[in-house]
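Please go through the structure below with the following account beside it.

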Amino acid sequence: MTTTAPAPGMTEAPAAPAARPKRRRSPLPYILATPAILALLAGMGYPLIWQVWNSFREYGLAQQFGQAPEFVGLDNYIELLTGSEFWGILAKSVVFMAVTAGATMILGIALALLMKHIAGWARITLQVAMLLAWAMPIVAQMTVWNWLIDDRNGVLNYLLSLLPGVDLVGHDWLENPLSFFAVASVIITWASVPFVALSVYAGLTQVSDDVVEAAQLDGAGGFQMLRRITLPILRPILVILLLLQMIWDLRVYAQIELLQGFGAAGTQYDLLGTYIYGLGIGQGHFGVAAAAAMLVMLFTIALSWFYVRELLKEDAQ
Amino acid sequence: MTTTSLTARRTPRRSPMRHIGAAVALVLAVAWAFPVYWMVNSSFLSVTTITALTPTWVPFGGTLANYKNVLKSSTGFTDALLMSLGVTGVALVICIVFAFLGALAISRFRFRGRKALVLAIILVQMLPAEAMFIAQYQMISGLGLLNTLAGVSIIYVAMVVPFTMWMLRGFVAGVPADLEEAAMIDGCSRFGAFMRVTFPLLAPGLVASGVFAFLQVWNEFALASIILTSEQQETLPLWLRNFAQPSSLGMLEWGQVMAGSTLVAVPVIVFFLIVQQRMTQGLVGGAVKG
């Protein structure tokens, strides 16, 4: 990974005429950058180093009470990777991520295509509705959804019970783990689709009408058009959106933690985020928790490497 | 608006399809806006209406009692509001100043270590914040700053600076350095040229970046829930979480909870609508054009 990193940026200096290297030896840029660097080192750098360091040490409850932590090499990692619990949680998180990110992308793209083909007033109505959902703070989102699915007075159970033969009044959606994760996935999809739909729509408006008309003249049908013209043009934006959704859904913490607080607590309702929290702050196994956090971090960085490269290219322009 | 009338003219035959599309769009719009609407609707309903067997779809003859109850000092809403204002104010001011200076450095100068700094700023944004909590908790706890404004602000500044700096970098790069040089030729000092020429042009960028940083800090829940564990030191998201917990008897005044939720959400929604255009552009900017 590190070897490929500098390659795209090497051409940077000649490609940036706006900032000529006038004062090569001036200390000014360093002075300007120092506060930001110090802030990053304090809030991110130090904890990161602590985490790497302690993932190799025995750091449990005894160490909390003064006993010196002991260097144990890869023991924390081995403990995690040889036990079944971590793998179970990881598998659950990956499935959760795949389902949620997949649903978000499909719905988002579908809504964007829909917006492209309807009258202006209908599109603007849909856009405003989606912006409202997107703008909601996470805690408010979860609180409202908890009210929607409330077992006694929730509007969801009321509406479903109107269907013939269905009586769900009093049904608790958070009790069964599968149902719990389905609810979490629906809420997160609801909250994430607006970003995807509006971004894809913005991308669609950049597909030139000439290309579309030329393809129509050549006899392309609706589906062919989508597959041969629209999707290839949108590919870069779709890849970035998919990556961001995957990263965000893999490390989801707040929604799960809030949902657990509303109704269901226990490891069977855990995903990676809440699992690491429980391991560290809950049970005091800081060493093992640090190792688990490191594994998630490496996984995320591997996933996001493509996005990082794109941003680096943008900087080089 | 003009583009839609154009497309309408180009495809007159497909109008039935367009009507179906519009109908689908309206159904989807209802689905997406409904939770938000339901929050506001429920916030105006009395206890008896809200616990009735059939839901009340429109709050005709609604009551403001829920809001009055939420704003009573015993709920802690105002304390949480002050705490949120304090944390956000401190973190935001520091973040904007630091990020702005940093953005000037990386977009106006080529210096040794610049590329490492840019890479660090991008990578930090990719680090899953959720995977850093344990370490950040340990650090703040070690400093004796759990349950303090300072403790949570240290982390918030570090959390928001990278994105703000990245966003400001774009704005600074958008103001040509030639403008500044022209002012310097006309007799301004470097600093004077910057203050008179570049800074005013950057004002919209600063406002936009500031609103983003504001939204991130104001809405932040996960880290706050770990560092601010005392009820006396809670920010609004934490307050809402606790306010929405059922009593020991398992009862919950949903009308009041929704009133609280509305009070937390509405200002954020308003701010968000102001900057959303840039949000879509900022995160995936350049992906199609480039």
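**From a loop to the helix packing**

A:Asp150 sits in the loop that joins α8 (138–148) to α9 (155–162) of chain A. This is a predicted model, and every value in the text is computed from it.

Chain A contains 15 helices and two strands. Its radius of gyration is 25 Å, whereas the globule rule gives 20 Å for 317 residues, so chain A is more spread out than a compact globule. Along the principal axes, the C-alpha atoms of chain A fill a box of roughly 75 × 75 × 35 Å. Buried residues account for 41% of the 317 in chain A. Of the contacts in chain A between residues at least 6 apart in sequence, 71% link residues at least 24 apart.

Chain B has 13 helices and zero strands. Of its 290 residues, 43% are buried. Among contacts in chain B between residues at least 6 apart in sequence, those joining residues at least 24 apart make up 74%.

The next topic is where the two chains meet. Chain A contributes 87 residues to the contact and chain B contributes 86. On the side of chain A that touches chain B, helix α3 (residues 28–54) of chain A supplies the largest share, with 17 residues. By class, that side of chain A has 65 nonpolar, 17 polar and five charged residues.

B:Glu130 is a residue with contacts in both chains. B:Glu130 belongs to helix α7 of chain B and has 26 C-beta neighbours inside 10 Å, so it counts as buried. Apart from neighbours within four places in sequence, B:Glu130 is in contact with A:Arg251, A:Tyr253, A:Gly273 and B:Ala222. The C-alpha atom of B:Glu130 is also 8.1 Å from that of B:Leu223, although 93 residues separate the two along the chain.

Helix α13 (residues 254–262) of chain A is mostly covered, with seven of its nine residues buried. These are A:Ala254, A:Gln255, A:Ile256, A:Glu257, A:Leu258, A:Leu259 and A:Phe262. What covers the buried residues of α13(A)? The cover includes α8, α10 (177–204) and α14 (272–282) of chain A, along with α11 (222–227) and α12 of chain B. Helix α12 (residues 236–243) of chain B has seven of its eight residues buried, so it is itself largely enclosed by the rest of the structure. The buried residues of α12(B) are B:Leu236, B:Pro237, B:Leu238, B:Trp239, B:Leu240, B:Arg241 and B:Phe243.

Two packed helices are described by the angle between their axes and the distance between the axes. In chain B, the axes of helix α5 (residues 77–108) and helix α10 (residues 190–219) come within 9 Å and cross at roughly 140°. Angles over 145 degrees would count as roughly antiparallel, so α5(B) is oblique to α10(B). The crossing of these two helices, α5(B) and α10(B), is right-handed. From α5(B), the residues that meet α10(B) are B:Ser84, B:Val87, B:Thr88, B:Ala91, B:Leu92, B:Cys95, B:Ile96 and B:Phe100, and their partners in α10(B) are B:Leu206, B:Gly210, B:Ala213, B:Phe214, B:Val217 and B:Trp218. The residues of this contact comprise 11 nonpolar, three polar and no charged.

Helix α5(B) also packs against helix α8 (residues 149–174) of chain B, where the axes come within 6 Å and cross at roughly 40°. α5(B) passes α8(B) in a right-handed crossing. This contact has 22 nonpolar, five polar and two charged residues.

The loop between α7 (129–142) and α8 of chain B holds B:Asn147. Most residues other than glycine have a negative phi. B:Asn147 is not a glycine, yet its phi is positive, at about 60°. With 16 C-beta neighbours inside 10 Å, B:Asn147 counts as partly exposed.

Terms used:
Residues numbered from 1 in each chain as written. Chains lettered and ligands numbered in written order. Predicted model: local features only at pLDDT ≥ 70, side-chain atom pairs only at ≥ 80, totals over all residues. Axes fitted to C-alpha atoms, helices over the stretch in contact; angles between N-to-C directions. Helix = DSSP H or I, 4+ residues; strand = E, 2+ residues; numbered from the N terminus. Parallel < 35°, antiparallel > 145°, perpendicular 65-115°, else oblique. Left-handed = near helix turned anticlockwise from the far one by under 90°. Contact = placed C-beta atoms within 7 Å. Nonpolar A, V, L, I, M, F, W, Y, C, P; charged D, E, K, R; others polar. Rg over C-alpha atoms; globule rule 2.2 N^0.38 Å. Buried ≥ 20, exposed ≤ 12 C-beta atoms within 10 Å, placed from the backbone.
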